[in-house]
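Reader: Could you walk me through this one, a question at a time?

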Amino acid sequence: MKKYNLKSPTESPYRTLPHMVTNSLREAILTGELSGGFQLKQEELASRFNVSLSVLREALKNLEAEGLVKFYPNRGAVVAVLSADEAQEIFDIRLFLELGALELAIPNLTEEDFIAADGILQEADHILQNSQVGVLNWRFHETLYRPARRPKLLALIHNMHNNVERYMRIYLSTMNYQTKSQQEHRDLLSACIQRDTKAAQDLLRCHMAEASSSLAGYLSQP
């Protein structure tokens with residue numbers, strides 16, 4: 001595992017040390033550098049980040065709240081392992097949340113939002129790394145949902161997204177899923193531009209159902 005370098009608080013005045021450690025560990029989990037079941041040895045991590053144990057524990061508690069880390073007696077903190085059933089439940093929760101966010105957002109979407117979303121899709125057309133595809137996927141959906149003006153709802157959706165994102169990256173690397181996903185995103189954007197809420201929700205429902213089914217199948221493999 002690599003040595004992590006964090007900016008000092010003076011270099012990043014709006015972020016605390018626990019926040020920065022949380023972000024670094026989250027990214028390591030999402031990219032698969034820290035895989036499911038990996039034991040997070042607190043003393044070792046604190047040394048690698050050059051932070052106190054209290055800072056490291058706060059970061060791990062943040063990740064536990066996001067569902068990315070679990071604490072076990074006699075084992076301590078471990079990167080959470082996602083089962084097929086858990087993945088299905090997360091997608092079910094995401095669907096309810098995202099359908100609502102989309103309905104609230106569509107009346108408030110502006111031309112600037114449409115341009116930004118289209119720009120993200122164009123950028124994704126030229127990205128080969130699965131980690132970057134995942135980042136751009138979230139940015140696209142976030143662009144469509146943010147005008148709902150429900151920051152707590154958006155935060156819940158983001159947490160659910162992160163819980164399956166690391167597995168989606170692994171899955172996407174095994175097949176040519178990106179082209180189909182991009183077309184589905186463009187169809188969704190088109191429905192949003194036309195202010196057709198029902199069509200947009202139907203497209204989102206199909207988009208997520210296929211991703212959910214595919215990921216559950218992948219996680220069910222021995």
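Author: Let's start with a term: a charge sits over a ring if NZ of Lys or CZ of Arg is within 6 Å of the ring centre and within 35 degrees of the ring normal. This is a predicted model, where local features need pLDDT of at least 70, side-chain atom pairs count only at pLDDT 80 or more, and totals for chains, interfaces and linings use all residues. Residues are numbered from 1 along each chain as its sequence is written, and side-chain values use heavy atoms, with hydrogens and water left out.

Reader: Okay, the charged end of K61 sits over which ring?
Author: The rule above takes NZ for a Lys. For K61, the distance to the ring centre is 4.5 Å, and the ring belongs to F71.

Reader: And the charged end of R75, how far is that from the centre of the ring of Y72?
Author: For an Arg the atom is CZ. The charged end of R75 sits over the Y72 ring, and the distance to its centre is 5.7 Å.

Reader: Is Q42 buried or exposed?
Author: Contact means heavy atoms within 4.5 Å, and beyond four places in sequence Q42 is in contact with L53, L56, R57, L60 and F71. Buried means under 20% relative accessible area, exposed over 50% and partly exposed in between, with a 1.4 Å probe and protein chains only. The value for Q42 is 15%, so Q42 is buried.

Reader: How do α5 and α8 run, roughly parallel or roughly antiparallel?
Author: Axes are lines fitted to C-alpha atoms, for helices over the stretch in contact, and angles run from 0 to 180 degrees between N-to-C directions. Here the axes of α5 and α8 are 11 Å apart, at an angle of about 170°. Under 35 degrees counts as roughly parallel, over 145 as roughly antiparallel, 65 to 115 as roughly perpendicular and the rest as oblique. So α5 and α8 are roughly antiparallel.

Key. Helices (H or I, at least four residues) and strands (E, at least two) are DSSP runs, numbered from the N terminus.
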